[in-house]
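Reader: Please take a close look at a single chain for me, and connect the details into one account as you go.

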Amino acid sequence: MADIAERERAGKARAAPTVEGGALGWLRRNLFSSWGNALTTVVLLGFVVWIGIWFVDWAIVHATFEAANGPECGKGQGACWALIGEKYRYIFFGSFPYEQHWRPLFACIAMLAMLLLSCDRRMWNWRLLVIWTVGSFVTFLLMFGELRFPLTLFFLVGLVAGGIGWGMRAGIASPREIAIHKALTIVGGIGLALRIVGVIPAWGLEINAFSYVETGLWGGLPVTLILATYGLVFAFPYGILLALGRRSNLPLVKGLCVGFIELIRGVPLISLLIMASVMLPLFLPTGSNIDKFLRALVAVILFAGAYIAEIIRGGLQSLPRGQFEAADAMGLNYLQKTSLIILPQALRVVIPPLINTFIGFFKDTSLVLIIGIFDFLNTANQALVDPNWAGFPGEVYIFAAAIYFVFCYSMSRYSKYLEVELNKGTRR
Amino acid sequence: MAVDTIGSLPQTRVAPWNNPVIRGWVFQIVVVGLVGGLAWYLVSNTMANLEKAKIATGFDFLGREAGFEIGDTMIEYSPASTYARAIWVGILNTLRVAVIGIILTTILGTLIGIGRLSPNWLLAKICEWYVEIFRNVPLLLWLFLFYKLVSEAFPGPRQAIRMLGDSVFLSNRGLYFPIPVADPVHKWIGAGFLLGIVGAWALHRWAKARQAATGQQFPSILAGLGLIIVVPFLVWLIGGAPAKMSWPELKGFNFQGGLVIQPEFTALLVGLTLYTAAFVAEIVRSGILALHKGQSEAAAAIGLSRGQAMRLVLLPQALRVIVPPMTSVFLNITKNSSLAIAIGYPDLVASINVTINQTGQAIENILIIMAAYLTVSLSISAFMNWYNKQIAMKER
């Protein structure tokens, strides 16, 4: 104080404040702004360096990258990455026939390409349908080796697509288009009825490209990808229906949907998986056998649907009432109101949380190992069982964790980016 | 006038198929009919299948002898106990890990969430990477990793790590430490403990009221902690200070006596806590960020330290944003504790799974699981909703 007063008396200007720019300024501001802060920095730095040195020493300096078996690998005192080199094909593809491993590899590539293309907003139109149809066809053809499309499926697709088109375009489209939708609906409906009665035999389109591989032999990354992706894809329309039902004015429909959603959300996924694995066979007619993989998929779909429904309900609730009323005022029917006015706006809001749900399910599919399905985590776990390579669980788990991390982290980044991107229009 | 016009409009007759009320009911009847039909189809199939497989129905099995061993029990249990008892043991184990997990997760998650907002760059970065690493890898993988670490990295019982002069033993069979032998005085010590808590709460209320009235502060938290410790200690002294302890001793292949924290429990608790804390941290961080910047600036302006500002100004307000999503995190901890089955901790799902395998009565058992989890979930929701009302903004 006295110093300043003295300087002012002497007519000298006060010294400018210390420059807070540059690396030194950054250090001072962010790491050493006070004594307590400096102490925290020093302690944390010591901790980080200690862990870092230990890890580098274990994972690189003393690690063994090539070894014939476990005991030889253990001599190195460090990590045994040779185990990963030995087992990575099993970890990625499970018990799929060894010489055919290119098939799950390309199936994974097809699914990743499909997912990556879906991230591009320019594809968010009819292209998405094409991408998913082609991608799914390639994936399952590679995984199964042969596919069979029963006639019933075509009738069903015709009935549903025609019916939705009919309802959605009524009073909007040209009479010719409506006639096409009507024809599709009627042909599909009659065909399905005749098929159920048994007039039309069980014809089907068969494609035999490779040798057949049953789902019991599937394993590793493709299983995780298929369960998470298709679990969510099938759960999506049914989640929309549940969400719409929950917001409905009809008390019985609303009650059913609320009860179902709350029941599913109140119990853990494991209990649903156990239920699917022991109870689904009981539910179906005596003698019918349902694939274990399909059982797990059904459980994942049931579970995901309830969670998706709650997210979509959030989107529906965020819409102002005026949107519903305006649609009513224009004389749109329920299907038109929902599909043309409400859902496009509601779904746009919920895309980022939906991606977060997908991340959650990508991780949660690891639970299927409890009912004996060989997903990525389970194959990693099985790789540890080999007595020749016993005693290196850390390496395998770190490897598996790294793969999961790459998937989940990139998806969460994408979700963050999309959140900003989609809100550009509403933020000022 | 307008009302008159509307009221005097001629009643137009609407065809019944265009009447929204009738349409609504028809639609509902169709939906309920379809759902009911599906249910009837499934139930009739199930009945036929059960009859064919000669599987009994009903809950009679609960009274029969379970015949399986459970490694970690909080209440007395032996293979001769009933299935009902085995399931009850499982429920208690689930509750134990869920309750301890919820408490630890809340503390750790809050610390990390605040750490991410620290002005110290290094601390903020470390907390950020903690969150990213833990929430982007499946919980089940963490559980396996921690379980393998506990069960393989620690030595066997004979080479156990001895601590505190051979009273605490750490081995791959768990952490063994001495406990006092059961004594009637313990009941009174427990009562003293409860009394201490009640006293501390009353003291805190009084201190708050006095501060509001006079501005004088009273170190109520320290004094309260003192009460909680001193009262049971006094009761113990009055009760004759029973000091007989049960010490863990190596007998054969494992330790006998003392209290043990099993490796399965440790792995589950650690995995669950570290994983879920990452989610809590994000909730706490966004809750604090949702506050207006003026709040922290005003707190600094009236001379509060960063810690005081956080504790007295920011966190109480952020709680309003934080509590609703925390409810679902707590529910997730409870539900995720069912992953215990993968590493062999005997929780509810594990007990039920063995029971299903032994009795074949899947439906009844799955009903029990669902009822148990729904009860716990609904209780947690109800409590959190009540708490949310307590902290909600009271507008006058």
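Author: A helix here is a DSSP run of H or I that covers at least four residues, and helices are numbered from the N terminus. The model is a predicted one, and the chain to follow is chain B, where helix H10 spans residues 306-336 and includes Thr327(B). Thr327(B) counts as buried because its relative accessibility is 10%, and buried means under 20%. Leaving aside residues up to four places away in sequence, Thr327(B) touches Ser381(B) and Met384(B).

Chain B also holds an open sheet of four strands, which follow one another in the order S1-S2-S3-S8 with antiparallel pairing. Strand S1 (161-163) and strand S8 (259-261) of chain B form the edges, each pairing on one side only, and the twist from one strand to the next averages 20°. Within this sheet, strand S2 (residues 168-171) and strand S3 (residues 174-177) of chain B run antiparallel and are joined by three bridges; Phe169(B) stands opposite Tyr176(B) in S3(B).

Finally, chain B meets chain A in a contact to which chain B gives 52 residues and chain A gives 56 residues. The area buried between chain A and chain B is about 4,600 Å², with 75% of it from carbon and sulfur atoms. Of the side of chain A that touches chain B, the largest share, 12 residues, comes from H17(A).

Terms used:
Residues are numbered from 1 along each chain as its sequence is written. Chains are lettered from A and ligands numbered from 1 in the order in which they are written. This is a predicted model: local features need pLDDT of at least 70, side-chain atom pairs count only at pLDDT 80 or more; totals for chains, interfaces and linings use all residues. Side-chain values use heavy atoms; hydrogens and water are left out. Two strands pair if DSSP finds at least two bridges between them. Helices (H or I, at least four residues) and strands (E, at least two) are DSSP runs, numbered from the N terminus. Axes are lines fitted to C-alpha atoms, for helices over the stretch in contact, and angles run from 0 to 180 degrees between N-to-C directions. Buried means under 20% relative accessible area, exposed over 50%, partly exposed in between (1.4 Å probe, protein chains only). Contact means heavy atoms within 4.5 Å. Buried area is the accessible area (1.4 Å probe) that two parts lose on being put together, summed over both.
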